[in-house]
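Trainee: Could we go through this structure together, one question at a time?

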Amino acid sequence: MLKTPAYAATFPKAPLAPFSIDRREPGPHDVLMDILYCGVCHSDIHQARGEWGGEVFPMVPGHEIVGKVVKVGGEVRKWKAGDTVGVGCFVDSCRTCEACKAGDEQFCEQGGPTFTYNSRERDGKTPTYGGYSTRITVEEGYVLRIPERLPLDGAAPLLCAGITTYSPLIHFGVKAGAKLAVVGLGGLGHMGVKIAKALGAEVTVLSHSPGKREGARRLGADDFIATRDAEVFKKNAGRFDFILDTVSAQHDYNAYLQLLRRNGTMVLVGLPDPTPLAAFPLIVGRKRLAGSMIGGIRETQEMLDFCAQHGLPSDVEVIPIQQINEAYERTVKGEVRYRFVIDLASLK
Ligand code: NAP
Ligand code: ZN
Ligand code: ZN
């Protein structure tokens, strides 16, 4: 076992603090990587605070991981020491069910994938620990290649925020000229804006923070709607073909559904507490309400290559790990532009 420094929450809502974990020596099909950067996703906060239920503590969060390969197992051909690689939200899955075979490992039918943290290895016992640590051992098939053109800190958030917004835009067929709204301009939202623009959509940001108007424009958004004024829901009724909802807190889905055109689609990727839903705003206009969760390995690689090709790293604020608790507070308050990323050199 490899003793590895980390930061952990030892019980729900506990501040994160220094902690030591064991990483396994790479087996024949494993890759051992030094972690350079790890993004701070709002899902880290939900889970470290026990907001979803069933969490595994102590918890080392972090699933937006970028680093360098230091060692590979004897059977590994795809990776070698020195490669720049990434790890996203899961590190294994059954590999045999229909979802896994279709490249939708995130929906593995054998008890779900093995998530990067707050989860158990396929043995059902060994807890997994995430990227708020200096190294990680991962099965070679769950490792991504970070294209050279991406800055390493700005690439990290793509492993969750990037794929979570790219996947539904592709799956639901967002095309050039589509009128698209992104709700919530945080880590996910700002990647949604960048990717939708690169796909040629006409993008509007819907935000409860009026101060984000200029930032939305800088990210490439064509329009900005401040949603604190309830009148805007009437004024913009029927305007959008597609709505990508990335909001982490409770809000009225029914109000947003009214903004869809006939046959429009609203996709939920944000995970607030349970929220009431009415049938009327859906049936009038034959609208679709859908959900989406991260993406498979093949699609995540496709997204990384797409973001490299179009020059779309995440906008990040790099912090030492000692500032993680403050970063959580500032994320919840919506103060980050647009993703905190931990520089793991601070933990060495
Ligand atoms: P984030 O950076 O904190 O952004 C969330 C945004 O939601 C905020 O920037 C804010 O945007 C908006 N918001 C926050 N509080 C609000 C409130 N009270 N009312 C209305 N809007 C509010 O979080 P994130 O990392 O992007 O994650 C967003 C959500 O997606 C989280 O729930 C996370 O767990 C979930 N998630 C899901 C997946 C998936 O696979 N489906 C993957 C990753 C994350 P404005 O200030 O612009 O309103
Ligand atoms: Zn995430
Ligand atoms: Zn499976």
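Trainee: Which helix gives the most to the shell around ligand 1?
Mentor: Keep in mind that this is a predicted model. Two helices, α5 (187-198) and α1 (42-48), each supply at least two residues of that shell. With three residues, the one that gives the most is α1.

Trainee: Into which groups do the residues of the shell around ligand 1 divide?
Mentor: The ligand is surrounded by 28 residues, and among the closest are His42 and Arg339. They divide into two charged, eleven nonpolar and 15 polar.

Trainee: How far does a polar side-chain atom of Lys212 lie from an oxygen atom of ligand 1?
Mentor: Let's look at some other contacts before that one. A polar backbone atom of Leu271 is 3.0 Å from an oxygen atom of ligand 1, and for a backbone N or O atom of Ile294 the distance to an oxygen atom of the ligand is 2.8 Å. For the side chain of Lys212, the value is 2.7 Å.

Trainee: How much of the area that ligand 1 exposes when taken alone does the protein bury?
Mentor: The space taken by this ligand is the largest pocket. Taken alone, ligand 1 exposes 910 Å². Of that, the protein buries 90%.

Trainee: Which residues coordinate the zinc ion (ligand 2)?
Mentor: In sequence, the donors follow the spacing C-x21-H-x96-C. At 2.0 to 2.3 Å, the zinc ion is coordinated by Cys41 (SG), His63 (NE2) and Cys160 (SG).

Technical notes
Residues numbered from 1 in each chain as written. Chains lettered and ligands numbered in written order. Predicted model: local features only at pLDDT ≥ 70, side-chain atom pairs only at ≥ 80, totals over all residues. Heavy atoms only, no water. Near = heavy atom within 4 Å. Polar contact = N/O pair within 3.5 Å; in protein donor to acceptor, adjacent residues only side chain to side chain. Areas by Shrake-Rupley, 256 points an atom, 1.4 Å probe, with all protein chains shown as cover. 1 Å grid on protein atoms, 1.4 Å probe; cavity = no way out; pocket = protein on both sides within 12 Å on 5 of 7 lines; lining within 4 Å. Sits in = over half its atoms within 2 Å of the grid points. Helix = DSSP H or I, 4+ residues; strand = E, 2+ residues; numbered from the N terminus. Nonpolar A, V, L, I, M, F, W, Y, C, P; charged D, E, K, R; others polar. Donors = N, O, S within 2.8 Å, 3.2 Å for Na, K, Ca; no water.
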